[in-house]
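Hello,

Here is the structure I said I would pass on. Please look through it first; my notes come after it.

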Amino acid sequence: MNLKTGTSHSWLMQGVALAQSQDYFAAADAFERAKTIDPGNAQAWRNLGAALKQTGALPSRRIACYEQALRLDEDPYTYANLAAALLDAGDWQRAVNVAQKACELLPDYFVAWLNLGHALAFIGDVLAAQAAYQKALVIEPQNPDALHGLGALLQQCSQYEEAAVVLGQAETVSANSHKIGVLAIRARQQIGDWTSRNQDELCLKNWIAGDCIGIPPFNTLAFDALSGVELHKASRLHAIHEFKEMLAEPPLWPSKHRSLDKTRLRVGYLTADLRSHVIGRLMGPVLQASQQRNHDVIVYDIYPDEQNSLRSQIEP
């Protein structure tokens with residue numbers, strides 16, 4: 001079939017078949033041809049947006065497809081897909097508005113409520129986000145994504161006991177998810193629940209070995225079975241995951257700012273714990289040891305407004 005002989009519908013059906021076989025690049029091409037032949041084919045625009053997501057295309061391309069589909073047909077599924085694309089683009093408030101529209105059009109649509117919960121959490125509307133996740137769980141009580149979202153939100157709000165319960169449920173239905181597992185481990189630690197410590201240690205070892213996800217240094221210290229190498233790797237993975245959004249361009253240390261003395265090692269610390277915290281108290285001797293070794297030491301404190309004795313000691 002070629003663009004001259006195929007109809008919009010035939011290209012649409014071919015795209016659906018290709019997507020079902022997970023050939024998303026070819027599917028996107030078929031949907032592109034379908035909407036080129038018939039620009040009024042809303043399903044072709046919507047399916048193109050969905051296929052582009054699977055190919056890793058920029059959110060802006062998906063947003064454009066969904067917006068055009070909605071001009072042709074106000075469909076709740078398209079609104080939900082648009083909300084997801086807006087979340088990926090970081091347009092939180094608009095994602096809230098769009099997800100709410102999907103919920104209004106189809107109140108029993110799980111994905112719409114899930115996306116609404118994510119978007120509300122991003123803009124800091126905690127109570128509304130909890131309500132959206134809970135609505136999603138009424139529709140699909142064992143869905144791991146909704147349980148994960150609600151559990152993460154409860155943990156963020158220091159509701160540790162509730163978070164441990166919800167994340168424990170998420171673990172049960174999605175036992176291989178390291179993202180859920182790490183949050184559940186941290187929640188159990190925060191309420192002093194060590195009943196599954198041995199299993200938690202085994203899971204952490206496997207996740208660390210697979211470069212899946214890290215865990216904060218303070219949390220790893222409770223696990224005696226982790227070696228020094230594993231503790232270091234877990235902390236590094238956590239730092240990469242936790243702070244990658246903060247490492248904006250240009251780099252923290254552009255070449256023009258580097259010391260001309262290439263015989264000295266430059267050591268940098270990025271931390272939120274230069275305060276009344278156990279890690280903060282441990283940092284003093286670490287920084288002193290680096291200085292004694294004649295290193296150039298640079299410290300980034302991501303809580304700069306909190307004054308304390310440790311900061312006063314290291315500030316010039």
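H6 and H7 run roughly antiparallel to each other (angles over 145 degrees count as such), because their axes cross at roughly 155°. Those axes, which are lines fitted to C-alpha atoms over the stretch in contact, with angles from 0 to 180 degrees between N-to-C directions, come within 8 Å. H6 covers residues 92-105 and H7 residues 110-122; helices here are DSSP runs (H or I, at least four residues), numbered from the N terminus.

This is a predicted model: local features need pLDDT of at least 70, side-chain atom pairs count only at pLDDT 80 or more, and totals for chains, interfaces and linings use all residues. Residues are numbered from 1 along each chain as its sequence is written, and side-chain values use heavy atoms, with hydrogens and water left out.

In contact (heavy atoms within 4.5 Å), H6 residues including Trp-92, Val-96 and Cys-103 meet H7 residues including Trp-113, Leu-116 and Phe-122. By class, that contact has 12 nonpolar, two polar and no charged residues; Ala, Val, Leu, Ile, Met, Phe, Trp, Tyr, Cys and Pro count as nonpolar, Asp, Glu, Lys and Arg as charged, and the others, Gly among them, as polar.

Just after H7, Gly-124 has a positive phi of about 85°.

Elsewhere, Asn-47 lies in helix H3 (residues 42-55). Asn-47 counts as buried because its relative accessibility is 15%.

Regards

Note on methods. Helix = DSSP H or I, 4+ residues; strand = E, 2+ residues; numbered from the N terminus. Parallel < 35°, antiparallel > 145°, perpendicular 65-115°, else oblique. Buried < 20%, exposed > 50% of the residue type's maximum accessible area, 1.4 Å probe, protein only.
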